[in-house]
Amino acid sequence: MLEGKRILLVIAGGIAAYKSLDLIRRLRERGASVRCILTKGGAEFVTPLAVAALSEEKVYQHLFSLTDENEMGHIRLSREADLVLVAPATADIMARMAAGICDDLATTALLATDKPVMVAPSMNVMMWGHLATQANLATLEKRGVLRVGPGSGDLACGEVGSGRLAEVMDIVRAVESFFDASAGPRPLSGRRAIVTSGPTWEAIDPVRYIANRSSGKQGHAIAAALAKLGAETVLVSGPSREPDPQGVRVIHIESAREMRDACFTALPADIAVCAAAVADWRPAEAAGQKMKKNGDAPAPLALTENPDILASLSQAENRRPRLVVGFAAETENVVAYAQAKRARKGCDWILANDVAPGTGTFGGASNTIHLITAETVEDWPTMSKEAVAGRLAERIAAAFGRPA
Ligand code: PMT
């Protein structure tokens, strides 16, 4: 997929720098040539020898190296690439990119390049969340810098949260989608899509909530697949550990009401896909302070119904997306219940999936879908959630015909 593509990989000084070695291999396996700039910090974590051996190219390290400047000046280095990829992108290098500082070879090449730049951030959770880092990121994104990750989970520093370098294969996929996207008009170019994903959290008090086991895998994969086919995609996501998909605008929310508001703010859209496991009910009143045990039996939790986002989008006067697709999570009579749900909510298609215990549909990697329209039922074989997403996106593209 990357045959003939030239990638300039900037390896900055973070513990995840060791993963850049695998990244070089994976990119080269796909036909790309990878030339590397190793920063002073990066060289604390990986050796120039290892980078040179894997890239089979000279490794560039110093701005004022006469030989390098003779053989390959930093301007040429930055321009003789189809994509400049910074992985890992530390908080420091992102700050220096945002400020336009160019005091070493990496930052000079990044300032001098006329090619697209993609960053794969990697840092401690607090550093990632810091207002300074987020402001730098916003500046870079406003200038068109692409981003992949970060993911969430255990961090090298021992803390847990956002800031993990995206998985190597996710970076590879982001690079592939970038080149895919720049190849010309795609079937959903000019269409706008809204996708909901993940669970919602409904507050009981400031520390407790009602939730469910949705991971966001299916919804996120659908957003990525629609974006890959060219749709301008907004993903409205409940709390999820899935990384933000490449090329998708992500709105993070917690509750069903926030999800509904974000969806309606994102209108108009041509396509809506509601894959989120929205809580049907929420506590009638969320306590303002943490509820205390007082020795008696706990007070019963009074619930009230949440707004139905799929139904409201399907029935939105004037603003209804042309194609509204829902999911039906059923544990019995899967197809029959899903058919009734499609008719009741008023969406065009519904993807029925069995979520009975043991299926692993909630949170798992695969799904078995029945695509239900007003007239037909189509049974899909069990496949990965990415494959489901790809197949759905193709079907949506076919329904729209030519690009807008
Ligand atoms: O996130 P994963 O771990 O990858 O799991 C994927 C999934 C199982 C969550 C997904 O494939 C799925 O089935 N999503 C819908 C889950 C659900 O809430 O189903 P439902 O049958 O209760 O709702 C029917 C439809 O109405 C869904 O499109 C849902 O998004 C929507 N809905 C439901 C309630 C509500 N208040 N608002 C809604 O929009």
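View 1. An oxygen atom of the ligand is 2.6 Å from a backbone N or O atom of Ala276. Cys274 has a polar backbone atom 2.7 Å from a ligand oxygen, and for Phe327 a backbone N or O atom lies 2.9 Å from an oxygen of the ligand. A polar contact is a pair of N or O atoms within 3.5 Å; within protein, one must be able to donate a hydrogen and the other to accept it, and residues adjacent in sequence count only if both atoms are side-chain atoms. This is a predicted model, in which local features need pLDDT of at least 70 and side-chain atom pairs count only at pLDDT 80 or more, while totals for chains, interfaces and linings use all residues. Residues are numbered from 1 along each chain as its sequence is written, and side-chain values use heavy atoms, without hydrogens and water.

**View 2. The shell around the ligand.** The ligand is surrounded by 27 residues (a heavy atom within 4 Å), the closest being Ser214, Ala276, Lys341, Asn353 and Gly363. At least two shell residues come from each of α10 (217–228), α12 (309–314), β17 (323–330) and α13 (334–345); helices (H or I, at least four residues) and strands (E, at least two) are DSSP runs, numbered from the N terminus. β17 gives the most, four residues.

**View 3. Thr39 in its loop.** Thr39 sits in the loop between β2 (33–38) and α2 (48–55). Its side chain reaches the backbone nitrogen of Gly42 at 2.9 Å. Thr39 counts as buried because its relative accessibility is 8%, where buried means under 20% relative accessible area (1.4 Å probe, protein chains only).

Note on methods
Buried means under 20% relative accessible area, exposed over 50%, partly exposed in between (1.4 Å probe, protein chains only).
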